[in-house]
Amino acid sequence: MNSSKAQSEFLESESLKSESIVGGDTAWLDRSFAWFLQIIALAAIALLFWMGSVIFKQAFPAIKTFGAAFLTSQDWDVSQLQFGALTYLYGTVVSSAIALFFAVPIGIFVAIVTSEKFLPAWVRSPLGFLVELIASIPSVIVGLWGIFVLIPVLKPIQLWLHNQFGWIPLFSTETFGPSMLVAGVILAIMILPTIAAISRDVMASFPSDLRTASMSLGATCWEMIFTVLLPASLSGIAGAVILGLGRALGETMAVTMVIGNSDLISASLLDSGNTIPAILANQFPEALDELHIGALMYLSLILFALTLAVNVLAMFIVKIFGFKHQ
Amino acid sequence: MAFFDRQLTKPLPLGRTLFSYGMSAIAVLSTALALMALLSILFEIFRQGLPGLKWEVFTSLPAPAGETGVPSGFGNAIQGTVLMVAIAALLSVPLGILTAIYLSEIGKTSATATIVRFVMSILSAVPSIVVGVFAYAVIVLATLFNYKGFSALAGAFALAVIMLPIVVLSIEEALKLVPQQQRFASAALGANSIQTTFKIVLASALPSITTGVLLAVARVSGETAPLLFTALFSQSWIENILNPTPSLSVMIYNYSGSPFPEQTQLAWTASVVLLGMVLLTNLLSRLITRKR
């Protein structure tokens, strides 16, 4: 009784208010609101193209001077204004490859441990949370840890690799401490949360009926994982790995701090190296000459295109194949 | 009969049993290895950084290299980080909220909205150093208000570009969780779409919007790469947003390779403060949504 009276009062006051504000027909207001929002959204899209075109414009002097030979030249001499990207491209690709070598198996195992029922739920969910916590640590702090903890810890291992397997070109040089291998390991730590979290989500969305069916036919838990779970989740895991690769290619601070920043390509992983993000971080603050800035912009453009391609690929894989079994 | 006996006493051949146990051991060891990295990072930061955490680090400037015994700290770097993250949030949050409203209330599954979502997820994957290069080209190389060069504004612009996609994607998720009936009810009472959006949808999604914004703030306050050559660094207090500006993360990077132990110590202490800021913001955002 009381409430219906209040309700009708409310309706009355509300209708009066809206009439007094907009005066009846509000269709034009709705339409202009929609248009306004659409323009804002399109501006957000334009940001990406603005970014691409600004970097391209700044890189243009270098693109004009060096052309495609930039990609295959190893020269990087600021005083002579001779620039080539090969050393940095090589370092970026190799350090990311090392990162995947370590992070993919470990990430998949972490995903299996946190999605399958080996451990009780009260252990599994904090485990997943802790591994993902790595992603929220600023990379400069991981780099600081890399300089003072990881390099000393890995140094004896690197020396051992050189002494035992020095005849393999990959381990052919004595290490100073900072090296491509250390950079790869630190990248592996940084992309592990990406790979583990997405793979876990893919595995967790796998219907448990199929697990039960496989096990009731006599498969052990691990036989079920290898014959049923992993084949079905393969494309989702592939997407996760490629997203991780995208992160590894562009990761800057931690790598810059432990890779040693040399300007030579060495076949040995125990030698110091350099990556595109690392040279950008090192040289941009002091770049003055137009051609030098241009060459650095050219490098950024390459990195931009590389990560764009990798991420679009990952998104398509996850979107098209990722949840096939759902 | 012997067959059944074997089935009951020994269900699996030795090889399959060993395979099971072996794989379980490898999986658990791999997870332990991942956790060890995390714990080692956290342990080392606190072990090295906490002893240097005194009141003076918040209130003083970094002492000149090599000078010991004078109060030394990074008050200016904290000031710079907070200032740039705040400007970045002011730039990106309103734009982000409006874009998210477009996606969840108007665009929905239309082609434009799909493209906006796609571009946002691409933008969130652009390496932060490339965003720094973009800000360098747009602001550092340009003359703004009679000033050309490194500035807090350039740093904040880079951080805003990094924040935008995170804010848009998380707020859209928050808005989509508001039940459709509430929008119908609002419209049935005569509200137009602006009133429905702001008084009903945004109001009831406010806690999860706050969470999204806080997560984005936590993410960018630790960013270093986009600040290195946009805000650069400075040894003094901030007087103008059009000057080179210090930040905690760039300070950690600059001092990490220093030959002076007191500067390395300052880097560790700054790491504790920065990590504390990031983890607290993270935790806060989780608490806000849990309360609902």
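Helix α2 (residues 27-66) of chain A supplies the largest share of the side of chain A that touches chain B, namely 19 residues. That side of chain A is made up of 61 nonpolar, 14 polar and three charged residues. In this grouping, Ala, Val, Leu, Ile, Met, Phe, Trp, Tyr, Cys and Pro are nonpolar, Asp, Glu, Lys and Arg are charged, and the others, Gly among them, are polar.

The structure is a predicted model, in which local features need pLDDT of at least 70 and side-chain atom pairs count only at pLDDT 80 or more, while totals for chains, interfaces and linings use all residues. Residues are numbered from 1 along each chain as its sequence is written, chains are lettered from A and ligands numbered from 1 in the order in which they are written, and side-chain values use heavy atoms, with hydrogens and water left out. The model scores ipTM 0.88 and pTM 0.87. For chain B, pLDDT (the predictor's confidence in each residue, from 0 to 100) averages 86, and 94% of the residues score at least 70. Among the elements of chain B, the mean pLDDT is lowest in helix α1 (residues 2-9), at 52, and highest in helix α7 (residues 152-176), at 92. Helices (H or I, at least four residues) are DSSP runs, numbered from the N terminus.

Back at the interface, 78 residues of chain A and 80 residues of chain B take part in the contact, where contact means heavy atoms within 4.5 Å. The two chains bury about 6,900 Å² between them, with 83% of it on carbon and sulfur atoms. Buried area is the accessible area (1.4 Å probe) that two parts lose on being put together, summed over both. One salt bridge crosses this interface, and it joins the side chains of A:Glu223 and B:Arg16 (2.7 Å, N to O). A salt bridge is a side-chain nitrogen of Lys or Arg within 4 Å of a carboxyl oxygen of Asp or Glu.

Over all chains, the count comes to 11 salt bridges. One of them pairs the side chains of A:Glu132 and A:Arg200 at 3.0 Å. This pair links distant parts of the chain, with A:Glu132 in helix α4 (residues 121-133) and A:Arg200 in helix α6 (residues 180-204) of chain A, 68 residues apart. In chain B, the side chains of B:Glu172 and B:Arg117 also meet in a salt bridge (3.0 Å). B:Glu172 lies in helix α7 and B:Arg117 in helix α5 (residues 111-125) of chain B, so the pair ties together parts that are 55 residues apart in sequence. B:Glu172 is buried because its relative accessibility is 2%, whereas B:Arg117, at 22%, is partly exposed. Buried means under 20% relative accessible area, exposed over 50%, and partly exposed in between (1.4 Å probe, protein chains only). Both residues belong to a network of salt bridges that also includes B:Glu173 and B:Lys176.

B:Glu223 sits in the loop between α9 (193-221) and α10 (225-228) of chain B. At 10% relative accessibility, B:Glu223 is buried, and its side chain forms a salt bridge with that of B:Arg219 (3.1 Å, N to O).

How values were computed
Helices (H or I, at least four residues) and strands (E, at least two) are DSSP runs, numbered from the N terminus.
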